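Visitor: I'd like to learn how to read a model like this one, feature by feature. Could you walk me through it?

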Amino acid sequence: MATIRIPPVLRPSVGGEREISADGDNVGEILRAVAVDHPGTESQLFGADGELNRYVNVYLNDEDVRVLDGLDTTVSTADTLVILPAMAGGAR
Amino acid sequence: MSPSGAEVLRQIKDRIEEVDPGTVREQLESGALVVDVRQDDEWATGHIPGARHVPKSHLESRIEGVAPDKSQRVVLYCASGQRSAWAARTLIEDLGYKSVESMTGGFTLWKDRGYQVEVPRFMSAEQRDRYSRHLLLNEVGIEGQQKLLDAKVLLLGAGGLGSPAALYLAAAGVGTLGIVDDDTVDLSNLQRQVIHNSERVGVAKVDSAQATINALNPDVKVEKYKVRLGPDNIMDILPNYDIVVDGLDNFPTRYLLNDASVRLRIPVVSAAILGFDGQLSVFKPYEGPCYRCLFPVPPPAELAPSCGANGVLGVLPGTMGLLQATEVIKLILDVGNPLIGRLLMYDALAATVTEVKIRRDPNCTICSRDPDEISDDELGVFPDYEAFCAGAH
């Protein structure tokens, strides 16, 4: 099972966990498994067309999956997926 | 009987290579390493442009800082060509350098030939004392400290990130610090906004920050902008600065800042914080991706909470703000490996740092265009970002 790092804004949807595991052979399968296990994440990860929302970046280890094979990118059990939504906050 | 100093010098000159100032001038243009071995006060009155300075008295301990590769060619000079001959012998015979030359006639002959001379800017005794720990670093030195004193850095916000960044940039001697903030100090700010204090509750943040900075370092000029950065003022403020420190708390202004900074080719050192997590990256236009390459569109409001509503560990903006200040100083000095094209994620609770690559988007709506092709009429004209990002706050 691959490790998925959950950003702060998604943690409430996964019971507060910072890292979770999910089964799947590629990025799409794993993220859909996350959405099934934690339904609160689905609309945050995927748009109505089933594609990743454009304001969410997903990295296989340190590489953006969009420059790999997108949701079809193969993932091994030793890999880590990093979910990174845009974040603001600081000045005030 | 021991030989006289003059006799020893003559023997040394027989053993080392000497080079004419005219040749050195040509070699400088092709990037040769030229080292001035005179004393500090001699260097201060003028030197060969592009030369590095390693006083002969510190030659053994400092030469490797400017010439780490002992097979590289090094040209030494002093006032007349004598001390540099001694120094050349030291480099070759004691330190194992392979290709060292001493410039005949030294700086005196260089000047007599009418070649160009660079006079370093004056640094007062107090400044030499204040910045002495910088001056000891090869990566900074007098030249680097002067770059810091000449630098103009704009801080967007004197809040959680801006407070520590401003304090350390001021301490480092960054000569001009612009601060944009329309807010006043609130008691709830003081858990993390360390540039302010309890007596300043209710005072404008720009005024409070200026008072702290002035007390810390009188070398620093503070430019205050008691406004909220927006489409109506960004093109008036940004062009006056070399680097922007972004600690913005909302997406519309982040996109506005990105587009303006790309058009003006001004690097932005950007950080964001939430809870126990921080993000950091350097967006240097046309050398790396811009913010829109990373996030082409902002998230909906429910995925974009501000830290005011969610809480933030007080030390976290300190950590991230100081990483921002570090990147700013690296950019000013042009040293090290800046965080361009990389995003650093710091998880304070786990005590882990994760780094991911950010690629330039060849189809980016902003940085795929050449800013020089944008007419003057277009500069300063932005779409209504508040409407564009409606919902995000």
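Guide: Happy to. Let's begin at a turn: in the hairpin of β3(A) and β4(A), two residues lie between the strands, and Asn61(A) takes a positive phi near 55°. This is a predicted model, where local features need pLDDT of at least 70, side-chain atom pairs count only at pLDDT 80 or more, and totals for chains, interfaces and linings use all residues. Residues are numbered from 1 along each chain as its sequence is written, while chains are lettered from A and ligands numbered from 1 in the order in which they are written.

Visitor: What counts as a strand, and in which sense do β3(A) and β4(A) pair?

Guide: Helices (H or I, at least four residues) and strands (E, at least two) are DSSP runs, numbered from the N terminus. Two strands pair if DSSP finds at least two bridges between them. Here β3(A) and β4(A) are antiparallel, with two bridges, and Tyr59(A) has Asp64(A) in β4(A) as its bridge partner. β3(A) also pairs with β5(A), again antiparallel, over five bridges; there Asn57(A) sits opposite Leu84(A).

Visitor: Is β3(A) buried or exposed?

Guide: The rule is a neighbour count: a residue is buried if 20 or more other C-beta atoms lie within 10 Å of its own, exposed if 12 or fewer, and partly exposed in between, with C-beta atoms placed from the backbone. Five of the five residues of β3(A) are buried, so the strand is largely enclosed by the rest of the structure. Val56(A), Val58(A) and Leu60(A) point one way, Asn57(A) and Tyr59(A) the other way, and all are buried.

Visitor: In what order do the strands of the chain A sheet come?

Guide: The order is β2-β1-β5-β3-β4 in chain A, an open sheet of five strands with mixed pairing. β2 (19-22) and β4 (63-64) of chain A stand at the edges with a single partner strand each, so one side of each has no neighbour in the sheet. Helix α1 (residues 27-37) of chain A packs on this sheet, touching β1, β2, β3 (56-60) and β5 of chain A, and its direction makes about 110° with that of β2(A). Such axes are lines fitted to C-alpha atoms, for helices over the stretch in contact, and angles run from 0 to 180 degrees between N-to-C directions. For a parallel pair, look at β1 (residues 2-5) and β5 (residues 80-85) of chain A, joined over three bridges; Ile4(A) stands opposite Leu81(A) there.

Visitor: How many residues does each chain give to the contact?

Guide: Two residues are in contact if their C-beta atoms, placed from the backbone, lie within 7 Å. Chain A gives 21 residues and chain B gives 38 residues. On the chain A side, β4 and β5 are the elements that give two or more residues, and β5(A) gives the most, with three residues. That side divides into twelve nonpolar, three polar and six charged residues. For those classes, Ala, Val, Leu, Ile, Met, Phe, Trp, Tyr, Cys and Pro count as nonpolar, Asp, Glu, Lys and Arg as charged, and the others, Gly among them, as polar.

Visitor: And which strands stand at the edges of the chain B sheet?

Guide: β8 (221-225) and β13 (352-357) of chain B, each pairing on one side only. The eight strands form an open, mixed sheet in the order β8-β7-β6-β9-β10-β11-β12-β13 (chain B), and the twist averages 15° from one strand to the next. β6 (residues 152-156) and β9 (residues 243-246) of chain B run parallel, joined by four bridges, with Leu156(B) opposite Asp246(B). Helix α16 (residues 315-333) of chain B lies across β6, β9, β10 (268-274), β11 (277-283) and β12 (342-347) of chain B, at about 170° to β10(B).

Visitor: What covers the buried residues of α10(B)?

Guide: The cover includes β6, β7 (176-180), α11 (205-216), β9 and α16 of chain B. In helix α10 (residues 162-171) of chain B, eight of the ten residues are buried, among them Leu167(B) and Leu169(B). Just past α10(B), Gly173(B) has a positive phi of about 90°.

Visitor: What is the average pLDDT of chain B?

Guide: pLDDT is the predictor's confidence in each residue, from 0 to 100. Chain B averages 90, and 92% of the residues score at least 70. Over residues 379-385 of chain B, though, the pLDDT is below 50. The model as a whole scores ipTM 0.91 and pTM 0.77.
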